[in-house]
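Biologist: I would like to learn how to read a structure like this one. Please show it to me, and then let us take the features in turn.

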Amino acid sequence: MKKYVLIYGLIMGTILCVNALYQVNLCYTNPDFQSNDVLGYTALIVIFSLIFFGIRNYRNKQLDGVITFGKAFKMGAIIAFTSATMYVVVWLFYYYLVVPDFLDHYIPHVLKEASRNGATQAELAQKTTEMKQFEEMYQNPAFVVLTTYAEVLPIGLVVAFISSLILKSKSGRSEASANNFA
């Protein structure tokens, strides 16, 4: 199982990191950048769909087509955690070493997006206060780690759960095939 976890976790982690760094650079270098949360979360779901293929390949190649929900979910969760950890580590290095002033670009972007989406002056004032609080909390590295995990890990766990439901099996393919020929 370790082999599949490493392969799929590292592939997913790499794709997550490339996607995130691309998005960060767009926001960082282009003040008129318009983000799309639906597109962003759709991309994360597509990336995390590799969990399905990791579990399926492990089930079919190592377990003769048989895997329990628990074992499938455990494997999917570990793959998700592996890729999320890679994402967190890359973000920490990138944030602290390359773009330590990222929030100076990100906060105006968030406020501009809120304004574009029709926020009232009162809502903008509230959002400004929230973003100042976020900026203060982001000075704590533990908060940075937790926030970064929270961006991707829940999606990975949901995909692992759904994949496990789809892929669980109590009997092998050879047994099912034998019953079809009898």
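Biologist: What should I know about the model itself?

Modeller: This is a predicted model, where local features need pLDDT of at least 70 and side-chain atom pairs count only at pLDDT 80 or more, while totals for chains, interfaces and linings use all residues. Residues are numbered from 1 along each chain as its sequence is written, and side-chain values use heavy atoms, with hydrogens and water left out.

Biologist: How many helices and strands does the protein have?

Modeller: Helices (H or I, at least four residues) and strands (E, at least two) are DSSP runs, numbered from the N terminus. Here there are 8 helices and 0 strands. Along the sequence the pattern reads α-α-α-α-α-α-α-α. Of the 182 residues, 35% count as buried.

Biologist: How do I check the length of a helix?

Modeller: Compare its span with the expected one, which is 1.5 Å times one less than its number of residues. Take helix H1, residues 2-29. Its 28 residues reach 39 Å from first C-alpha to last, close to the 40 Å expected. Several H1 residues are buried, among them Tyr4, Met12, Leu16 and Cys27.

Biologist: What span should helix H7 have?

Modeller: H7 covers residues 141-167. Its 27 residues should span 39 Å at 1.5 Å a residue, and its end C-alpha atoms are 38 Å apart, so the two agree.

Biologist: Where does H7 kink?

Modeller: The bend at a residue is the angle between axes fitted to the seven residues ending there and the seven starting there. In H7 a kink of about 40 degrees lies at alanine 150, shortly before proline 154.

Biologist: Which residue caps the N-terminal end of H7?

Modeller: Look for a polar contact: a pair of N or O atoms within 3.5 Å. Within protein, one atom must be able to donate a hydrogen and the other to accept it, and residues adjacent in sequence count only if both atoms are side-chain atoms. Asparagine 140 is the cap. One of its side-chain oxygens lies 2.9 Å from the backbone nitrogen of alanine 142.

Biologist: How many salt bridges are there?

Modeller: A salt bridge is a side-chain nitrogen of Lys or Arg within 4 Å of a carboxyl oxygen of Asp or Glu. The count comes to 2. Arginine 116 meets glutamate 113 at 2.9 Å, N to O. Both lie in helix H5 (residues 102-116), 3 residues apart, about one turn of the helix. Glutamate 113 counts as buried because its relative accessibility is 12%.

Biologist: And the other pair?

Modeller: Lysine 127 meets glutamate 130 at 3.8 Å, N to O. They are separated by about one helical turn, because they are 3 residues apart in helix H6 (residues 121-137). Lysine 127 is partly exposed at 28%, and so is glutamate 130 at 35%.

Biologist: Which residues form a nonpolar patch on the surface?

Modeller: Patches are made of residues with over 30% relative accessible area and no salt bridge; like charges are joined within 9 Å, nonpolar side chains (Val, Leu, Ile, Met, Phe, Trp, Tyr) within 5 Å. Val89, Phe93, Tyr96, Leu97 and Val98 form this one, with about 500 Å² of accessible area together. Tyrosine 96 is found in helix H4 (residues 69-98). At 36% relative accessibility, tyrosine 96 is partly exposed.

Biologist: What is the phi of aspartate 64 near?

Modeller: Most residues other than glycine have a negative phi. Aspartate 64 has a positive one, near 50 degrees. The residue is found in the loop between helix H3 (50-62) and H4. Aspartate 64 is exposed, with a relative accessible area of 60%.

Methods:
Accessible areas come from the Shrake-Rupley method with a 1.4 Å probe; for residues, only the protein chains shown count as cover. Buried means under 20% relative accessible area, exposed over 50%, partly exposed in between (1.4 Å probe, protein chains only).
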